[in-house]
Amino acid sequence: MKNILWLTVLAISVGCSIKKPLVYEQKYMNTITAEELKKHLTIVASDAMEGRETGSEGQKKAGKYIVAQYQADGVSFPTGAESYYQTVPAAYMNEKYGESLPDSENIWAFIEGSEKPGEIVVVSAHYDHVGVKNGKVYNGADDDGSGTVGLMEIAQAFEKAKKDGHGPKRSVLILHVTGEEHGLHGSRYYSEHPLFPLANTVADVNIDMIGRRDEFHKTTNNYIYLIGSDYLSTDLYNICEEANSLVNLELDYKYNSRKDPNRFYYRSDHYNFAKNGIPSVFLFNGTHADYHKDTDEVDKIEFDALEKRTKLAFAIAWELANRVERIVVDKDGK
C-alpha cells in the first residue's frame, strides 16, 4: 500500500514537472500574433525605411524603431553592453570585398537567465536589405523583414514570461544583424567580437524569410524548411522535431542535404555560428518570384504562416533555454 501511494505521488510529481513548462511555453508562445507581426512589418518594410541598405539612414531608422519597441516592452540590452547597438565598422565590412559601405550596427536585446545566465541561446535575423535601385525601393518584406519582426515578438514573449516569474533558465540573446546582404558581415563580426564567449553559446536559431511560400508549396503555406539542425547536434534536431508538436508545420528538409546546389546552409547568418562549432538551425520559407525584387512587399506576406513559423522558432529557443542540460555537440559538421 505504501509503495502504491509513493508511486502515485511520484507520478503526480513527475507529471507536474513535465506539464508546467509546457503550459508556460504554450502560454507565452501564444502571445505571438499575426496582428502584431503585421503592425511591426508594415513599418519596418515601409518605403520610409528606404530598403534598409546596410549602414544607410533608412536602416538606422528601422533600427531605431526596433529599439523603441524593446524599450516599450521592457526588454533590456545585454549585460556588459552600453546600449542596444554593436557598431560594425565600415573598414571591417569593406575589407573582404572592397565595397564602400559606411559604419553600421548590429542590434541586440537580452533576457537574462534565472539559473544559468552565463549560457547563451542566440536567436538571430538580419534587418538590412538592398536599398533603392533605379528609383525603386526594395522593401524586403520577406527578406528579412519577416525574420526581423519575428525576433521582436519572440523577445516580447520571453520578457513576458520573465516578468511573470517563468523566464528562461539560460539567457536569450536576440541578435538583429547587419550586412547580411553584402556577405554575412554583421554575424561574422559578432562571431569574431562576441559579447559572450562562444564557448558559452549553446545554439543559434536563425530566421531568414518566413513570411511567404515557394513554388514547391503552391497549395499550402503550412510548412517550413529546416536547415542544419542535425549538422552538429542530434539534440538540436530532436528539439526542433518535438517543438513542432505545438504548431504542426510540415518540416521540410529538402535543402538540408550537403549536396544541395543552392548551398543555403552557407548563405545566412547562422553559418558564422555553425562554423565555430555552435549548433545552429535555419528557418526558411524558400525563394519566390519576388526574391530580391522591388515587389517583395508587405501585402504579399501570409501572416498566418508568419505567426506559426515564429511560434516554432520561439518553441525551439524555449526548449534550448530551459532544458536541464545544454545540448551536446556530437557531430563534427562535415
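Predicted model: local features only at pLDDT ≥ 70, side-chain atom pairs only at ≥ 80, totals over all residues.
The largest nonpolar core comprises 63 residues, and Tyr70, Ile174, Leu283 and Ile316 have the most contacts inside it. Helix H9, which spans residues 303–322, contributes the most to this core, with eleven residues. A second core is separate and has 13 residues, among them Phe110, Ile120, Val122 and Leu175. In soluble globular proteins, nonpolar side chains tend to be buried together. For Tyr70, residues up to four places away in sequence were set aside, and the remaining contacts are with Val75, Tyr84, Ala109, Leu151, Met152, Ala155, Ile174 and His176. One of these partners, Ile174, is itself listed with Tyr70 among the residues with the most contacts inside the largest core.

The buried residues of helix H4 are Ala90, Tyr92, Met93 and Asn94. Just after H4, the backbone at Gly98 has a positive phi of about 65°.

The second largest pocket holds about 190 Å³ of space. Its lining consists of 15 residues, of which Glu180, Glu181, Asp208, Arg267 and Tyr291 are the closest to the pocket centre. By residue class, the lining of the second largest pocket divides into five nonpolar, five polar and five charged residues.

Asp208, one of the residues closest to the centre of that pocket, makes a polar contact through its side chain with the side chain of Ser268, at 2.8 Å. Ser268 is located in the loop that runs between strand S9 (250–252) and helix H8 (271–274). Ser268 counts as buried because its relative accessibility is 1%, and the cut-off for buried is under 20%. With neighbours within four places in sequence left aside, Ser268 is in contact with Glu180, Leu184, Asn206, Asp208 and Phe282. Glu180, like Asp208, is listed among the residues closest to the centre of the second largest pocket.

One cavity of 30 Å³ or more was found. The largest cavity has a volume of about 60 Å³. The residues that line the largest cavity are Tyr231, Tyr255, Ser257, Arg258, Asp260, Arg263, Phe264, Tyr265 and Tyr266. Five of the lining residues of the largest cavity are nonpolar, one is polar and three are charged.

Several backbone features were noted. Most residues other than glycine have a negative phi, and most peptide bonds are trans. Arg52, which is not a glycine, has a positive phi of about 50°. A positive phi of about 50° is also found at Asn134, again not a glycine. Arg52 lies in the loop between helix H2 (34–44) and helix H3 (57–73), whereas Asn134 is placed in the loop between strand S4 (132–133) and strand S5 (136–137). With a relative accessibility of 1%, Arg52 counts as buried, while Asn134, at 80%, counts as exposed. The peptide bond that joins Asp143 and Asp144 is cis, with omega of about -10°. Asp144 belongs to helix H5, residues 141–163.

How values were computed:
Residues numbered from 1 in each chain as written. Heavy atoms only, no water. 1 Å grid on protein atoms, 1.4 Å probe; cavity = no way out; pocket = protein on both sides within 12 Å on 5 of 7 lines; lining within 4 Å. Points joined across faces, edges and corners; volume = space filled by probe spheres on them. Nonpolar A, V, L, I, M, F, W, Y, C, P; charged D, E, K, R; others polar. Helix = DSSP H or I, 4+ residues; strand = E, 2+ residues; numbered from the N terminus. Buried < 20%, exposed > 50% of the residue type's maximum accessible area, 1.4 Å probe, protein only. Polar contact = N/O pair within 3.5 Å; in protein donor to acceptor, adjacent residues only side chain to side chain. Contact = heavy atoms within 4.5 Å. Core = buried A, V, L, I, M, F, W, Y, C linked by side-chain atoms within 4.5 Å.
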